[in-house]
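Here is a short note for a colleague who is meeting this structure for the first time. Please keep the sequence and the model open beside it while reading.

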Amino acid sequence: MGERTQADRDAITVETGYALLSAAFAAAVVFGVIAGPKLMFVMPYAVERGLLVAGAAAAALVFPVRVVTVLRRFSRTRGRPDQPDQPSHPGRTSPDS
């Protein structure tokens with residue numbers, strides 16, 4: 001494997017940051033959807049506790065799944081020399097148009 005350029009290192013850093021931030025957002029949304037009814041409705045303590053535990057468990061599962069998905073997609077697209085990083089004609093469907 002060859003040396004990485006500064007642009008490659010920067011791209012990896014940005015993609016890692018994106019993976020972590022989007023995973024945190026997704027985990028927060030999942031937690032809110034599952035545990036949110038606890039704030040809106042009066043429920044028995046056991047049900048409220050169950051919603052909190054289920055929300056935390058689902059968020060703990062969503063976070064690493066999102067990080068791994070984003071980083072795998074990034075690693076697959078970075079290793080293809082036959083595919084340019086950006087299209088030669090943005091917004092066009094063929095070189096003739």
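The numbered points below go from the basis of the model to the whole chain and then to single residues.

1. This is a predicted model, in which local features need pLDDT of at least 70 and side-chain atom pairs count only at pLDDT 80 or more, while totals for chains, interfaces and linings use all residues. Residues are numbered from 1 along each chain as its sequence is written, and side-chain values use heavy atoms, with hydrogens and water left out.

2. The chain has 3 helices and 0 strands, and from the N terminus on its elements run α-α-α. Helices (H or I, at least four residues) and strands (E, at least two) are DSSP runs, numbered from the N terminus.

3. Of the 97 residues of the chain, 15% count as buried; here buried means under 20% relative accessible area, exposed means over 50%, and partly exposed lies in between (1.4 Å probe, protein chains only). The chain exposes about 7,600 Å², of which carbon and sulfur atoms supply 65%, and such accessible areas come from the Shrake-Rupley method with a 1.4 Å probe, where for residues only the protein chains shown count as cover.

4. Among contacts (heavy atoms within 4.5 Å) in the chain between residues at least 6 apart in sequence, 68% join residues at least 24 apart.

5. Ser 22 has its place in helix H1, which covers residues 6-35, and Ser 22 is buried, with a relative accessible area of 14%. Not counting residues up to four places away in sequence, Ser 22 touches Arg 66 and Val 70. The side chain of Ser 22 also makes a polar contact with the side chain of Arg 66, at 3.1 Å; a polar contact is a pair of N or O atoms within 3.5 Å, and within protein one must be able to donate a hydrogen and the other to accept it, while residues adjacent in sequence count only if both atoms are side-chain atoms.

6. Gly 55 is found in helix H3, residues 45-78, and at 0% relative accessibility Gly 55 counts as buried. Leaving aside neighbours within four places in sequence, Gly 55 is in contact with Phe 31 and Ile 34. Gly 55 and Phe 31 are 24 residues apart in sequence, yet their C-alpha atoms are 4.4 Å apart in space.

7. Is Ala 54 buried or partly exposed? Ala 54, which lies in helix H3, counts as partly exposed, at 36% relative accessibility. The C-alpha atoms of Ala 54 and Ala 35, which are 19 residues apart along the chain, are separated by 7.6 Å.
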